[in-house]
Structures are given as structure tokens and as C-alpha cells.
Amino acid sequence: MTAVTTHPAPPPQAGRRRVLRAIAAGACVALARPAEPAREHLELALRETFGQRPIRPGKVRLELPKLAESGNVVPVTISVESPMTERDHVKSIYLFAEKNPLPRILEVHIGPHNGRAQVASRVRLSTSQWVTAVAVLSDDSVWSAAREIEVTVSSCG
Amino acid sequence: MSRLGRGRVRVPERAAKGEIVEIRAMVEHPMESGFRVDNMGRTIPRHIVESFTCTYGGSEVFRVRLHPAVSTNPYFVFYVVATMTAELVFTWTDDQGGTATEKAVLAVH
Amino acid sequence: MTAQSFEQTRRDFLVRTAATTGALVIGFKLPATVLAADGAQAPEVTHWIVIQPDDTVVIRIARSELGQGTFTGLAQLVAEELECDWSKVQPEYADVNEHVRRNRIFKDMSTGGSRGIRDSQEYVRKAGAAAREMLVAAAAQQWGVAAAECKVANSVISHPSGKRTTFGKVAAAASKLEVPADPKLKDPKDWKLIGTSPARFDIPDKTTGKQIYTADVRLPGLVHASVVQCPVFGGKLKSHDPSKVSAMRGVKRVVAGEDWVAVVADNWWRANNALKAMPVEWNVGDNGNVSSESIMQFLRTGIDANDVPVARKDGDVQSAFAGAQKVIEAEYYTPYLNHATMEPQTATALYKDDRLDVWVGTQNGEATIAAASETAGVPLENVYVHKMHAGGGFGRRGPHQEYTKQAVKIAMAMPGIPVCLQWSREEDMRQGRYRPVGIIKLRGALDAQGNWVGWHARQADQSIIVTVRPTMIKDGVDPINTRCFADNPYAVPNFTNEYAMRNTHVPPGFWRAVAHTNNPLARECFIDELALAAGKDPYQFRRPLLQGKKDLGVLDAVAKAANWAQKPARGVHRGIAVVDSYGSFTASVVEIAMKGDNTIDVQRVIVAIDCGYICHRDAVVAQVQGGVIWGLSSAMHEEITIKDGRVEQSNFSDYPVLRLAEVPPKIETILVPSGGFWGGVGEPPIGAVIPALCNALFAATGKRVRSLPLRHHGFTYAT
């Protein structure tokens, strides 16, 4: 279970910056990766998508190469442990890249008719960063996995 | 002016009832992210495929919302439980009203 | 063949051939871990350091040695904290495959941006400190004493009670201990090794010809390849006729890519001759008509445009110019330049049983392994990159891995056969990643007292970063190309820097010192123009504008060394310039005499550099000397021109570089490390040299040169 730190809601006239700081500090998000300052960019996207639901590390497997030369065509496979029955299945899978100009990459909607909660694609990563996959289950629980990738061409003069 | 091209799909010709089959689908599209600049530094406008859906026997079995970070010629691999002999219809839609459709029949025994 | 048996076979092969073949394999230093006495791996005391029972200290180096001294400098940083016997230190490249398998444990492998020492220094010093603590803890444990009571020096651990041991004896026990998370580092005043000049590991072999480069690697069954790529950048291969050459002596195979074709033969000469004889046709694409003239016109549209993205805006430049006593305007131009590394682009690849081996003098082991893996479709874990010392990098061998990819593609076409692909000099000249071309228009406003009150700098040039990391371009501004202007240190109250991107089909690249090779010419020569218009000495004109900046320190140092306050000797003329880059501050005075109207006798070049802390003192001096040579060479000689969409130059005959006889007799380095920071050293020395030379030329001839190379203005260097 996540350690949830609650902060008093900022007053209505608080600027966006204060809201973001509260979100980042509040971190109802225990992402599946070593402790690291959560990026505001990603946090905001996660809050917008999943609301206040805790996002737990687990169930999701994210396959991503450790290195990519240009980051233009990076193969990615996301699979989620699930029996994919009517009662217990994955509803949706999301992919985020925290340092891309836009953090969202794709959103997939599936159901028991798929039999396997797995999707593969090819994506663009603009620089070395963490990539996060999030799955929403039929019981509305939210699970995640994150992997780090180094994009080598972006380290230059 | 949409630059959506042709779709290509790979669906097994036949499967046993209840078998989980792998589907591959791709469409030609530049997926211009909106973050590139031309040779004089001016932003090249975004032009991307925004959605990809697959129906099987008329019901939706797979839907993707794509953002600019999906690579050129968007490619997906996903799975479907073979239930009946029916048509799979793949539809891609881009942000300039372009649509492309591909069909394939899955024979289920 | 498993990885292990391959290693064993490779080791046996190398040991055997070292003993019997002689010449080519002599000097090929086998990784120390392979040579461990009983064949077992000697223990790691942290992943950075392996200590042999005989006290040999193997230090793993993640960056690449390009002649800049990184191999030695990084070892020095570790050794300082480790307190080992320096005479037993043996650096080796951290294995790239192992690095990937161990989740990038050796951190950044890229060698560029003058970052090798300054970006690594903290964590490699901590590695040394951590290892030292582990070794002492192991000894203390064995002796049943407190670690704090022990002393360490020169690989010897001792205790007041008389107990004594060496690193080699406790390394195994130390390797089992937990690595301290945040070991304390020495205060710089306690450094014994950092700041000194230990013998460089790479110099002896390079001087005696023993150094092995990629093209010297000999493997059983090795074949050789030469490649030609579409001479018009962006074009594609249309057709080629292998039948015309496949019967030529020694030819094994012809392999084609999307925009290149290669011939493989039993030696490079035969491969290259067959390549030249083979009919090849290209679809040159849209750029077959591009020329240096058309590029100049294209740049001019940027200079003349109405609306140009703004990189920096201070105060109100319009008013400053409106109210000015004097307005000076000048345009500066610099051409494309090639890295022209002495070692042409070379890579050797072997694909066998789903394993890929690549030998290459890369500036970034990770870029190579990623490129090789993606090209071959072989997972990273099955790719083994053997880093070789490079025969010059200068920015050519990092982000650009096309020679690696070509070698891999050829190797994939010939499984089990190692292929050495070497670009001909012509190919290297014509398929570079060039320092971009550009025009800079400068306007300066002086008030009645001759103070510099307004400045407008508009640049029109080709962006490099847009090709590798386009998201760094914000609102049309290139943050790298606008250096020297957008980040300039001068306290000018009203300043606008505009940037007009004008990219051509010519592929750009990071040429040693990047924007600090062309922008300083314009800036520092223009400041001299302003000083002249203000009736002020160029050194004194600059001083008040640099108050509180580290730039002033180096400017003063170089002026003092040149005795700037006194008139120079008769016939000697001087120029001065100051440029900061890559975290360091430099200034230069160049002294010349003219022989006749056109021959420039560069008599003395002085460079002062403040890089904060110095790691290897002689290496810094060497980098200054090399930087001076690099600057003088491009100032006088170098230029890449475009005709019919392709590079016109082919070799050093038409792309001249500085010759030994032209090197000034005096290159003086003034080290003024002010401490407290780590600045780069590879590139900074170059920035101030070219403008200082051009300022000296003005002093000597009254001729203001605003475009390079100087030879186009009729000048030569004295020899």
C-alpha cells in the first residue's frame, strides 16, 4: 500500500505553481522506481488521467531497451498480469515519457476479448529519461512500471 | 491535407476457438510531431494519426489514442481471443480528417 | 560459441599471436582482468577498481582517449582518493557490454563538450575514496582494530601497532564489503596527485608507433572494406554493377546500403580500387544544385529578414542606436570545416552465432553499442564493443556512428568473417559532419565618451543541435549556436542577439569548440573595431566591461605576460581576445611580424586559462598547445566548399591544415586556476586564438579581415 502524504488543499486563488509544488510534494504516486524527485510534468499528467487514485508499482511489465541511439524508433512492449476475464481484466494501458515535450505517448483500451493484456509499439523518446507504463484494471485499481533509457545521440557537444 | 497512407495488417488465417491470436497492424503516416522545425527554424505543424481501432465481428476489440510520440508509420501488436469466423476491421484516423481502413477475415474452427 | 568460450579463444589467440606474429599485435594491451594469474576474475573493489594480488590497480575508464589525456586524468582522480601506488596503476576501458548488463554502472561514456574530467570527477573520486575505505576496513577487520587508527599510503595499509599489509592482500576481503554510499573526499589543498603531471599512459606507444588503432586489429580471416556514399548528401543509391569488379583480384563481396555501397576484399587497397572501378549511379535528390554561392545567398536571407527570433534582449537597443555618437557595423563570415581526424572513420565488426563484436575508436561506447544493436537487430546484451584509442576525435566520433553501422551491415552479410571497414581519406573529407557555415552581422553604438552603450548581433547560420535534439530549439533559437552572444560576459546596457536558422543539406557536426570557433571571431574582432572607433586601447576598452567576471582574470594575466602596457618591439604587432566556453575562461595575445605584405610570422601565442581546478597539469598545457594549433590552422587554411551539392575537397592537398613548420616557436600557457569549480579543457583554449590573431593582423597591416580562411585574402604563414 502506498505511503500517502496529505497536504492541505491550496486556497482557491493559489497559482498553478503552488498547486504543482503541492502535487509534487504530496506524491500520492509511488511509481515503480527508486526514490527520485518526481517530475512536475509527469505528475500533472498522471493526476489529470488518474485523479487521486494511488498508482502502485506492480503487475505491469515494461520492456524497453536500455540504450537507444537516436530515440526516434524505440520498440516498447507493455504487458500486464491478468486473467482477462469479465470479472478481472485490464481496461486500459497508458505510456508516459517524463522528459518528452508532451508526457503522454499512447492510451490503449482493451478488455476480456483480448485474452492477453499486452501491446507493443514503436515510440519516440526525445532524450534520456524514465518511461512509465500504467494499467487500469476492471476494479479501477491502477498499477505501474517504469524503466530508464539512455538516448545516446542526445549527449553531444 | 492528410498524408495518411496505406494500412498493412497481419492476422493469422485461421485459429482454434478460444485461441489467443497475435495481430500486427501498421499504417503509413509521417506522424509529424509539431516539435520539429524546418530549415529556417519555423515549427512544422503537427500532423498525426490520433486514433486506431480494431473491430471484430462488428464489436470494438482494440482502441488506441495516439500522441505525437508514436513513431512514424504507427505500428501496434496486440491480441484477440478467436471466438468466431468474422471480419476484423482496422481503422486509422488522423487529425486532418484522413481515414484508412483495412480488413481481414479470421477463420475460427 | 558461448561468450565465455569466445573470450577464452580470443585471449588464447591474442596471447599466441603476441608471442609469434610480432609487429601488429605488440603493444595491444590485454585487459588486465583477462590476465589474472589463474584465469579467474580478480576482485572488484567497487566496479571501478580491480586490484590484483600483486597490487596492480586496474582502474576502469568510461570515457574515450582521443589524445586529450582522459585515460590518464580519470585514473589520477581515482588514485588520488584511493591512495594507491601510482606506479602500479593500469587503466583499462570499462567494458561496454558489461556496462549495459549492469544497468549503466559506469555512467556516462560520451566524450565531448570538454566534459570528460569535469563531469566525472566527483563520482570517480568517490569511487577511489570508497574503495580505500573498503580496503582499510578489510585490513582493520583482519587485525581486529579500528579502521580509523589505520594509515594508508601507496597501496600500503598500516597500523601503529606495527601491522602492515598491501591492497593486493586484502582486496578479496574488501570486495565483499558494502560499498560506502557517500565517502568523504579530500580537500583540494591535500591533493598530492591531482594537479601534477604523471607520465601519460597513451603517449609512449603513440610516439613509438606501437599504438594499435582500429585498422591495426588483426583477427583470423579478417577482410577489408572500402565504402562510397552518395556524394550529394541526402541522395540514395540508384544502381551499382558488382559484376564489373567481382572478378578483380582479392574481391570477396559487394554490399549495398540505402545510400552507400562497399567492396570487401582481402586487403583495403584492392577493395578501394575495385570500388573506384565499379559503376555506381546515384539518385542525388533535390540538392544537386546547391553550391557555396547558393548557401551564401540563403544565409543572407537570414541577415536581411525583417523578423528574426530573439535569443537575448537587454535594455533598448533602438534608443541606444538612435542616441549614439558613433555607430559601427560589420559582417563576419566563416565557412564549413571538416574534423579531418588523422585516423579516417574506421570500424571492424564480426557477426557470429547471434553475437556481434565491434572494434572502433568511438567517442561514446554507448552510442556505438546502441547503433550496432539497432542496425543488426541483435539485442544489446549480445553486442560487444571493443573501444580503441581514436586517432583524433574532435567531435566526429560520438553522435555520428554511420561507419559503425556500415561495418555492422557488411558483417551481417558475411557471418563469421570479421570485416574492417576503413573510409578512404577522400570519403572522410566528403562525408564529414561539418562545422557549420554562417554570417554574423554586428552593430555597435558608442556614446560621446567612447563607451559601448548598444549592441545588436544577428546571426544567420546552420543549426547542429536540430539534427540530434530538436526539442532544444525554442522559438527558433539555437542555444548552442548563440553562445558567445547570448551568454556573453560584457556589461553592455542595451543588447539584442537575434538568431536566424538557415539549415542546408550539408550535414552539420560538433567541431572541436563548436560555436566558439566562429562566433569569437566576430565578437572579439568587432570589439577591437569599437575600441578603435572609441580611440581606446583594445585591452583597456574591455576591462571595465568585465568587472566581477572571471574573464577579467585571464584577460589581465595574458596582458601582463605580453607586457601589453609597453609598446611591442619594432615590427612586432599584437592582438588580444577573451572567450569563455565549456566552463572555463581563456584569453589570448598573439604576436606577429609581417614578412612582406602577405606573410604572417606568428612569433608568439600566449593563452591564459582558468579551468578552476587542474587535474593533469601537462595535459592542460598540451590541450592549450593543441588548441592554438587547431585555431591557427582553421584561421589560415581550412575551408570546405560545396559545388553541385557535394563537397569539393578530397584530401589534405586541397584541404590544407597547419604544417609543423608553421607552428609558432613560442606557445605560452598561463595556468590561472582559481579553484572552486571544474572547467573543461579540451575546447576552451581555441576560442580566443583566432580573433587575437586577426586583431594582430589589423595592428600589423591596417587590414580588417572579416572572413576566413586568411589565405583567401592573400596571406600565408611564415615557415
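## Reading helices, sheets and chain contacts

Guide: Let's start with a meeting of two helices: C:M134, C:L135, C:A138, C:A139 and C:Q142 in α4(C) meet C:F167, C:V170, C:A171, C:A173 and C:A174 in α5(C). By class, this contact has nine nonpolar residues, one polar residue and no charged ones. Please keep in mind that the model is predicted.

Visitor: How do I describe two packed helices?

Guide: Two packed helices are described by the angle between their axes and the distance between the axes. Here the axes of α4 (residues 116-143) and α5 (residues 167-175) of chain C come within 8 Å and cross at roughly 90°. The helices α4(C) and α5(C) are therefore roughly perpendicular to each other.

Visitor: And which residues along a helix point the same way?

Guide: An α-helix has 3.6 residues a turn, so residues three or four places apart point the same way. You can look for that pattern in α4(C), where C:L135, C:A138 and C:Q142 are among the residues that meet α5(C).

Visitor: How many of the residues of α14(C) are buried?

Guide: Twelve of the 15 are buried, so α14(C) is largely enclosed by the rest of the structure. The buried residues include C:L521, C:F526, C:I527 and C:L530, and also C:R523, C:E524 and C:D528.

Visitor: What do those buried residues pack against?

Guide: In chain C, their partners are the strands β13 (326-334), β18 (438-446), β19 (452-461) and β21 (573-581), together with the helices α15 (538-542) and α18 (689-701). Helix α14(C) lies across β13, β18 and β19 of chain C, and runs at about 155° to β13(C).

Visitor: Those strands keep coming up. In what order do the strands of the sheet lie?

Guide: Follow the pairing from one strand to the next. In chain C, five strands form an open sheet in the order β12-β20-β19-β18-β13, with mixed pairing. At its edges are β12 (310-314) and β13 of chain C, each of which pairs on one side only. On average, neighbouring strands of this sheet are turned by 10° against each other, direction ignored.

Visitor: How do β18(C) and β19(C) run, and how many bridges join them?

Guide: They run antiparallel, joined by nine bridges. As one of the pairs to find, C:L446 has C:W452 in β19(C) as its bridge partner. Helix α8 (residues 292-304) of chain C also packs on the sheet, touching β18, β19 and β20 (494-501) of chain C, and its direction makes about 30° with that of β18(C).

Visitor: Now chain A. Which elements does chain A have?

Guide: Chain A comes to two helices and nine strands. Of its 157 residues, 44% count as buried.

Visitor: How many residues of chain A are in contact with chain B?

Guide: In chain A, 24 residues are in contact with 20 residues of chain B. On the chain A side, the elements that give two or more residues are β6 (104-109) and β7 (117-123). That side has eleven nonpolar, eight polar and five charged residues.

Visitor: Where do strands of the two chains pair?

Guide: Look at β7(A) and strand β6 (residues 75-81) of chain B, which pair in the antiparallel sense over two bridges. There, A:S121 has B:F76 in β6(B) as its bridge partner.

Key. Residues are numbered from 1 along each chain as its sequence is written. Chains are lettered from A and ligands numbered from 1 in the order in which they are written. This is a predicted model: local features need pLDDT of at least 70, side-chain atom pairs count only at pLDDT 80 or more; totals for chains, interfaces and linings use all residues. A residue is buried if 20 or more other C-beta atoms lie within 10 Å of its own, exposed if 12 or fewer, and partly exposed in between; C-beta atoms are placed from the backbone. Helices (H or I, at least four residues) and strands (E, at least two) are DSSP runs, numbered from the N terminus. Two residues are in contact if their C-beta atoms, placed from the backbone, lie within 7 Å. Two strands pair if DSSP finds at least two bridges between them. Axes are lines fitted to C-alpha atoms, for helices over the stretch in contact, and angles run from 0 to 180 degrees between N-to-C directions. Angles under 35 degrees count as roughly parallel, over 145 as roughly antiparallel, 65 to 115 as roughly perpendicular and the rest as oblique. Ala, Val, Leu, Ile, Met, Phe, Trp, Tyr, Cys and Pro count as nonpolar, Asp, Glu, Lys and Arg as charged, and the others, Gly among them, as polar.
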